[in-house]
Amino acid sequence: APGTQTAWAQDRAHLLHPYTDFATFADEGSHVIGRAEGVHVIDAEGKQLLDGIAGLWCVNIGHGREEMAETIAKQVMDMQYYNPFGHSTNVPAAQLGAKLAELAPAGLNRVFYTCGGSTANDAAVRLGHYFFDMKGQHRKKKIISRQNGYHGATYVAASLTGIHGTKYGFDRIGEDFISHVSEANLYAKPEGWSDGDYCDYLVREFEARIQQLGPDNVAAFIAEPIMGAGGVLVAPEGYHKRMYEVCKAHDMLYIADEVVTGFGRLGEWFSSEALFGYTPDILVCAKGLTSGYIPLGATMISDEIYGTIARPQCEGGIFSMGFTYFGHPVACAAALKNIEIIEREGILNHVRGIGPYFQDSAQSLLNLPIVGDVRGSHLMLGIDLVSDKASKAPIELTEQAAAKVFQGCMERGAIVRPVGDRIILSPPLIISKDQCDELIGAVAGSVQDFIASQE
Ligand code: PLP
């Protein structure tokens, strides 16, 4: 395709891709994606690929919607940007605020807009701190997050993140501010424990950590309803509700990071209350909010928090945080159109039907000798590759099993996401049954090829 060679050369010469080994990347080059439509992306050589990861957990309504392009273009022509600080506003930002309050669990009515998920998590922490400051509890600042949780790339969000790799190359904000408790990984729970025993253990560990840090020092717990990048880990039944109750018992806030789980991926606008039975004090979203057409994040707070922080300036009532692009009119117009499409096309209902089909079909992968676990919910799926099913020993990373399965899927025309020794799938929400079969079939074939290459 025209421009491809130049794009390749320019990319290699200048771009620092996220999570990439720059040295090897310079030799191997990049994969130029030129077009995208529905559940497919088309690379510069014209090869069509089934997008099994919705861009990066975000293209919920599918790629290339003309309506989205028209909405974005119209908003640019009407009013593309104006200073949002202080008292000026714009129509899409205000309308989206009202819409988000309608969709979120009752009592979450105020929205702070950000540039994406990481900045929305930073805002969640800042709002939490501000809340306790306004209550005179100035020491309540520490945050508890989880090993393997992913919360983003800014310094605070990356420090909340508990994924091992993010620890290198920079001095994370220390344990005196952010403390990590165990992830909830049913596949790795100790031998002989029931799910209930495991849940008790996790809740006790959490309580003990709060005591160790001192309840007067701990502001909040942050967690994804289903851990995404950490491996699509579904917590034991009742876990979130119990963690929430522990928070309440210690006057702590529960921050639900719904950046991945929001906007239909689990068949609900938001999953914390609808699926897991707790109403967070702060709810963070991004990604599916605009289906990735334009970057946008949002942090929603409870009426209780709002009631405390809405004070006259003379009493310290000024929240000194804000992005140039707070409530960006083009991004908010895109979000409103995206939500309208999800509503009009009944996409949540579609996910409630196709989600269980996708999960059930994926269970067939367990017949393969190196697939140890297949788990998830609706359109989030995680597959663990192991060298031995009995001991659950992971495949040595040097074998690059997941990377090879990723390559095999590409050759078969499907994109999956390799993370360590895991494969993650999170397709656009408009995926059909046939396309689900195609995706699972590509993974099965590629795993079989990997096994054959080892023999
Ligand atoms: N939170 C979760 C759960 C995520 O998965 C991500 C991104 O993958 C983020 C936050 C960070 O969002 P962003 O990359 O838009 O800053």
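Trainee: Setting aside residues up to four places away in sequence, what does Val443 touch?

Mentor: Val443 touches Leu365, Ile383, Val405, Cys409, Val416 and Ile423. Here, two residues are in contact if their C-beta atoms, placed from the backbone, lie within 7 Å. Keep in mind that this is a predicted model, where local features need pLDDT of at least 70, side-chain atom pairs count only at pLDDT 80 or more, and totals for chains, interfaces and linings use all residues. Residues are numbered from 1 along each chain as its sequence is written.

Trainee: Which residues have the most contacts inside the largest nonpolar core?

Mentor: Val443 is one of them, together with Phe221, Ile255 and Val405, in a core of 125 residues. Such a core is a set of buried Ala, Val, Leu, Ile, Met, Phe, Trp, Tyr and Cys residues joined through C-beta atoms within 7 Å. Helix α12 (residues 329–344) supplies the largest share, nine residues. At least three residues come from each of domain 1 (31–61 + 346–454) and domain 2 (68–344), with domain bounds taken from an automatic or database assignment.

Trainee: How do you know whether Ala256 is buried or exposed?

Mentor: Count its neighbours! A residue is buried if 20 or more other C-beta atoms lie within 10 Å of its own, exposed if 12 or fewer, and partly exposed in between. Ala256 has 31 C-beta neighbours inside 10 Å, so Ala256 counts as buried. This residue lies in strand β10 (residues 253–257); helices (H or I, at least four residues) and strands (E, at least two) are DSSP runs, numbered from the N terminus. Leaving aside neighbours within four places in sequence, Ala256 is in contact with Ala223, Pro225, Ser272, Pro280, Leu283 and Val284.

Trainee: Why is Asp251 called partly exposed?

Mentor: Asp251 has 14 C-beta neighbours inside 10 Å, so it falls in the partly exposed class. Asp251 sits in the loop between α9 (239–249) and β10, and its phi is near 55°, a positive value in a residue other than glycine.

Trainee: And what about Ser291, buried or exposed?

Mentor: Ser291 has 28 C-beta neighbours inside 10 Å, so it counts as buried. The loop between β11 (282–285) and β12 (297–302) holds Ser291, whose phi is also positive, near 55°.

Trainee: What makes β1 and β16 edge strands?

Mentor: Two strands pair if DSSP finds at least two bridges between them. The open, mixed sheet has the order β1-β2-β3-β16. β1 (33–37) and β16 (414–415) each have a single partner strand, so one side of each lacks a neighbour in the sheet. Four bridges join β1 to β2 (residues 40–43), and the two run antiparallel. In that pair, Ile33 stands opposite Asp43 of β2.

Trainee: How many residues of domain 1 are in contact with domain 2?

Mentor: 27 residues of domain 1 are in contact with 21 residues of domain 2. On the domain 1 side, α13 gives the most, with five residues.

Trainee: Last one: how many residues surround the ligand?

Mentor: 16 residues do, and the closest are Gly116, Gly117, Ser118, Gly152 and Val259. The test is a C-beta atom, placed from the backbone, within 6 Å of the molecule. Helix α6 (residues 117–134) gives the most to this shell, with three residues.
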